[in-house]
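Trainee: I would like a close look at one part of this model. Please take me through it step by step.
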Amino acid sequence: YVCAVPNFSYSLMDYFLKYFMFLCNLLFTVLGLIVLTLGVWGLNTKESFAQENIGTIGTDPMLILFSLGFLLTLLCLTGCVGALREYCCLLKVFSATVLVLITAQVLLAIVVYSVRDQIAGYLRSGMLAAMANYQDDPDVRFITDEIQFSLQCCGADNYRDWGVNIYYNCSAPGVLACGVPATCCINPLENGTVWNSQCGVGAQLLDEFTAQSVIFLGGCLGGITHWINQHEGLIGTVGTIVVGVEILAVFITTRLLESIHWHKTHQLHRVINTAV
């Protein structure tokens, strides 16, 4: 039994589905390669493969980019080659993998919905953990800074949450003691052009009335919750589109497999009739 079959005379719909699937998978293969390249670049820049850092590579956020890029590239390349060359083995692998992804996404949505009341607690724990490691992990620092700067917030619940960080804790010996990161500041730019990294020094010692003119008082949990509530329709739409595209991919793959099987069977009957 050979999974690859030669090209036969297909209908226009079969040709359309074949090349539509090929082009879509080619596009996502390129996207996967870009994500994979970013992951490799990030790991290499941070020297995550160095002997002294190899022990912590499992928790490196760049490893997520690398893994997602690799899996996306492999999956879409499988669908791309399978559709173009009409390899039914690759098409079956592609279809089965996409079905597994659909199942996983549906289960994840069910789990998220079932624990929706506990999500705020998980977010708080995650953000406090990120704040505790703020100075030690450049990826965590970048993500935390982006959240605070974009949502104009400071800390998890309020600016005094930065006491969980050993450098910003008021008992710390350094200049950062009792301070907050510059991304908490209302105006972190000195003279409108130069980034003032010391603008949040001593902010935890200020009362709220005084602090409100220097830093953002509100915590980021409220901002994140508000953003999710404000964009839940968009999030739901994007999720539905993603699952819909995956279901369409399975449908097209199934149609191609049926066409390949039908033409293979038809050719076999024609050979037998000719021989007889």
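Is L26 buried, partly exposed or exposed, and why?

Mentor: Keep in mind that this model is predicted. L26 is partly exposed, because its relative accessible area is 38% and that class runs between 20% and 50%. L26 sits in helix α1, which covers residues 12–45. Together with L23, V30, I34, L38 and W41, L26 makes a nonpolar surface patch of about 600 Å².

Next, take the cysteine C24. C24 is partly exposed too, with a relative accessible area of 29%. C24 belongs to no disulfide. The nearest cysteine sulfur is that of C76, 9.7 Å away, and a disulfide needs the two sulfur atoms within 2.5 Å. C80 is likewise in no disulfide, with the sulfur of C76 nearest at 8.6 Å. C80 is buried, at a relative accessible area of 5%.

Other cysteines do pair up. The count is four disulfides. One of them joins C153 to C220, with an S to S distance of 2.0 Å. This pair ties distant parts of the chain: C153 lies in the loop between α5 and β1, C220 in helix α7, and they are 67 residues apart. C153 is buried at 2% relative accessibility, and C220 is buried at 0%. Another disulfide joins C185 to C199, S to S 2.1 Å. The torsion about its S-S bond is about 105°, so it is right-handed. Both C185 and C199 are buried.

Key: Residues numbered from 1 in each chain as written. Predicted model: local features only at pLDDT ≥ 70, side-chain atom pairs only at ≥ 80, totals over all residues. Heavy atoms only, no water. Patch = residues over 30% accessible without salt bridge, like charges linked within 9 Å, V, L, I, M, F, W, Y side chains within 5 Å. Areas by Shrake-Rupley, 256 points an atom, 1.4 Å probe, with all protein chains shown as cover. Salt bridge = Lys/Arg side-chain N within 4 Å of Asp/Glu carboxyl O. Helix = DSSP H or I, 4+ residues; strand = E, 2+ residues; numbered from the N terminus. Buried < 20%, exposed > 50% of the residue type's maximum accessible area, 1.4 Å probe, protein only.
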